[in-house]
Amino acid sequence: MAPPTVRVLTDGRETEVPAREVTVGTVFLIKPGDRIALDGEVVRGSSEVNQAPITGESVPVLKEQ
């Protein structure tokens, strides 16, 4: 269910790369409605995330910095 690509931020520019090529410490962007391809930590902002594919919980969970 995870998308095959990730939107990463490099030198202030957004690019899409294969999820398998993302290394630990890479900043990646999630926009409203996106599915999340990788495990990570929120470094800026907040949003509710649908964790149903992972936990089975149908109620969105707030994630924030």
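Q: How many salt bridges does the structure hold?
A: This predicted model holds three salt bridges.

Q: Why is the contact between Glu14 and Arg7 called a salt bridge?
A: The N to O distance between the two side chains is 3.8 Å. The cut-off is within 4 Å, for a nitrogen of Lys or Arg and a carboxyl oxygen of Asp or Glu. The pair meets that cut-off, so Glu14 and Arg7 count as a salt bridge.

Q: Why is Arg7 called buried?
A: Arg7 has 18% relative accessibility. Buried means under 20%, so Arg7 counts as buried.

Q: What makes Glu14 partly exposed?
A: Its relative accessible area is 43%. Buried is under 20% and exposed is over 50%. Glu14 falls in between, so the term is partly exposed.

Q: How do you know that Asp34 and Arg7 form a salt bridge?
A: Their side chains meet at 2.8 Å, N to O. That is within 4 Å, so the pair qualifies.

Q: What does the pair of Asp34 and Arg7 tie together?
A: Asp34 lies in the loop between β3 (28-29) and β4 (46-49), and Arg7 in strand β1 (residues 5-10). The two are 27 residues apart in sequence, so the pair ties together parts separated by that stretch.

Q: Why is the pair of Glu14 and Lys31 called a salt bridge?
A: The closest N and O atoms of Glu14 and Lys31 are 3.4 Å apart. The limit is within 4 Å, so this pair counts too.

Q: Which parts of the chain does the pair of Glu14 and Lys31 link?
A: Glu14 sits in strand β2 (residues 13-18). Lys31 sits in the loop between β3 and β4. The pair links distant parts of the chain, 17 residues apart.

Q: What makes Lys31 partly exposed?
A: Lys31 has 37% relative accessibility. Under 20% would be buried and over 50% exposed, so Lys31 is partly exposed.

Q: What joins Arg7, Glu14, Lys31 and Asp34 into one network?
A: Salt bridges that share partners do. Arg7 pairs with Glu14 and with Asp34. Glu14 also pairs with Lys31.

Q: Which pattern does the protein chain follow along the sequence?
A: The pattern is β-β-β-β-α-β. The chain has one helix and five strands.

Technical notes
Residues are numbered from 1 along each chain as its sequence is written. This is a predicted model: local features need pLDDT of at least 70, side-chain atom pairs count only at pLDDT 80 or more; totals for chains, interfaces and linings use all residues. Side-chain values use heavy atoms; hydrogens and water are left out. Buried means under 20% relative accessible area, exposed over 50%, partly exposed in between (1.4 Å probe, protein chains only). Helices (H or I, at least four residues) and strands (E, at least two) are DSSP runs, numbered from the N terminus.
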